[in-house]
Amino acid sequence: MRRSELFVSTRKQAPADEESKNAQLLIRAGYIHKEMAGVYSYLPLGMKVAENIKQIVREEMNAIGGEEMILSTLQHPHIWQATDRWDDAKVDVWFKAALGKDSQVGFGWSHEEPMARLMTQFISSYKDLPVYTYQFQTKLRRELRAKSGLLRGREFIMKDLYSFSRDRAEHDKFYEQISESYMRIYQRLGIGDITYKTFASGGPFSKFSHEFQTLSPVGEDTIYFHEGEGVAINKEVLSDEVLADLGIARDGLVEKTAVEVGNIFTFGSRYSEPLGLFYTDEKGIQQPVFMGSYGIGISRLMGLLAEHFADDNGLIWPRNVAPYQVYLARLSSQPEVTKAADQLYDQLENDGISVLYDDSDLRPGEKFADADLLGLPLRVVASEKSLTAGGFELKLRTNTETSMLPKDKLIDSIKQFTSEP
Ligand code: ATP
Ligand code: MG
């Protein structure tokens, strides 16, 4: 992509009313646009980051048998009344709108009910199970507090997967599988070492649910981590009884602040029964389908990565989510420099390396500042000076050292860098 063809520009200041660091950085760098508190639009670069995160999640969900689909956003009150989750007194995040004189629709904030109801069309026998469906969807929620940028939106992208199993044993097996795939996702996003699978509140069908909590000073959650046992517990469920249950001594617990980047939940027949989702087992007996649901906050992850991987000069994207791998800055419009930079750009693109080519007439200082703000992993400079020295200057975003490399060596180095796992 040539910078001259990108309509977005960077800006010196974030909107005055934006308090969160992640949104300030993302807005200044031109990744997102603030519509109102808790509501952001994704600009071309921001959309690429979100898509890269989604693709990692998609690959891991497909690997465990997930089938991707998209449910509707508009929701009929009827099916939510069946599970007693339509009333505002029961669920306080609904956005609702009038449809006709006496009718309403809701805007989907989660999708257990419509997914279970839909499955009544397709599941009737034990032969139809298990089924694992998932989607990436914009959820709408009337969140009271929305001051943390992408970490808590009123409109945000979520991955939600729903499992439909014959019984608890089949469910438990999948629950373990998806739990492992969640950890792989966080590893691939570069936050594996600061993300803990955490015991959280359960329901009628399980003592606990699990949250995936990433350590961050801006987190809203408090968790307790036991280093020796490698066990994390959400403060909400911490009690002597729970500790005894898990065989953990209170002594070794360390309090930490974290962001919930995902959660997994056992629902059993909580939704299947009221919505009429049953199957006939091998003996011909009707059984409720055993359900679970599994969320990951895509927008929240993007905000967290922006918050966590940054310095005073801007963003520092992990390689797997960066919108482009290379920021190629051409520092002069002199014909030789232009020709060399154009050729390098073409060659890198032909080799499958994504490049944001700054072919603009901005001053060198501005280009360097933008390279830092945008946070692409590698910066390459083409200038009269670099050509005289026989090539191009290469710098990692995470590093201050630069190296001068001839074209072939430069391309080799870039390829090596981008192919590391
Ligand atoms: P929280 O306790 O943070 O409100 P939640 O328990 O409401 O989260 P779920 O409804 O299970 O979360 O949603 C699944 C995932 O979606 C969460 O783990 C989180 O990563 C993300 N998420 C939830 N609410 C928001 C929001 N308002 N903005 C961005 N991401 C969110
Ligand atoms: Mg919530």
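This report describes a predicted model of one protein chain with a ligand, from the overall fold to single residues.

Residues are numbered from 1 along each chain as written, and chains are lettered from A and ligands numbered from 1 in written order. As the model is predicted, local features need pLDDT of at least 70 and side-chain atom pairs pLDDT 80 or more, while totals for chains, interfaces and linings use all residues; side-chain values use heavy atoms, with hydrogens and water left out.

## Overall

The protein chain has 11 helices and 23 strands. Helices (H or I, at least four residues) and strands (E, at least two) are DSSP runs, numbered from the N terminus. Along the principal axes, the C-alpha atoms fill a box of roughly 80 × 60 × 45 Å. Of the 421 residues in the chain, 53% are buried; buried means under 20% relative accessible area, exposed over 50%, and partly exposed in between, with a 1.4 Å probe and protein chains only. The accessible surface comes to about 19,300 Å², and carbon and sulfur atoms account for 48% of it. Accessible areas come from the Shrake-Rupley method with a 1.4 Å probe; for residues, only the protein chains shown count as cover. Among contacts (heavy atoms within 4.5 Å) between residues at least 6 apart in sequence, 67% join residues at least 24 apart.

## Ligand 1

The space taken by ligand 1 is the largest pocket. A pocket here is an open set of points on a 1 Å grid over the protein atoms alone, with protein on both sides within 12 Å along at least five of seven lines. A molecule sits in a pocket if more than half of its atoms lie within 2 Å of its grid points. Strand 8 and strand 13 are the elements that give two or more residues to the shell around ligand 1, and strand 13 supplies the largest share, 4 residues.

There are 14 residues around the ligand, and Arg141, Glu143, Arg152, Glu260 and Asn263 come nearest. A residue counts as near if one of its heavy atoms lies within 4 Å of the molecule.

| Residue and part | Ligand 1 atom | Distance |
|---|---|---|
| Glu143, side chain N or O | nitrogen | 2.8 Å |
| Asn263, polar side-chain atom | oxygen | 2.6 Å |
| Gly297, backbone N or O | oxygen | 3.3 Å |

Taken alone, ligand 1 exposes 580 Å², and the protein buries 81% of that.

Helix 4 (residues 112-119) is mostly covered, with 6 of its 8 residues buried. These are Glu112, Glu113, Pro114, Met115, Ala116 and Met119. They pack against several elements, including helix 3 (77-82), strand 7 (131-140), strand 8 (155-165) and strand 13 (253-268).

Ser110 is in the loop between strand 6 (104-107) and helix 4. Its relative accessible area is 8%, so Ser110 is buried. The side chains of Ser110 and Glu112 form a polar contact of 2.7 Å. Leaving out residues up to four places away in sequence, Ser110 touches Trp80, Lys139, Arg141 and Tyr162.

The loop between helix 4 and strand 7 holds Pro130. Leu129 and Pro130 are joined by a cis peptide bond, with omega about 0°. Most residues other than glycine have a negative phi, and most peptide bonds are trans. Asp84 is not a glycine, yet has a positive phi of about 60°. Asp84 lies in the loop between helix 3 and strand 5 (95-98), and is partly exposed because its relative accessible area is 40%.

## Two further buried residues

Glu60 belongs to helix 2 (residues 44-63). Its relative accessibility is 8%, so Glu60 counts as buried. Apart from neighbours within four places in sequence, Glu60 is in contact with Ser181, Arg184, Ile185 and Arg188.

Leu328 is part of strand 19 (residues 326-330). With a relative accessible area of 0%, Leu328 is buried. The C-alpha atoms of Leu328 and Val380 are 4.7 Å apart, although the two residues are separated by 52 residues along the chain. Residues up to four places away aside, Leu328 touches Val380 and others, among them Ala341, Leu344, Tyr345 and Val355.

Terms used: Polar contact = N/O pair within 3.5 Å; in protein donor to acceptor, adjacent residues only side chain to side chain. 1 Å grid on protein atoms, 1.4 Å probe; cavity = no way out; pocket = protein on both sides within 12 Å on 5 of 7 lines; lining within 4 Å.
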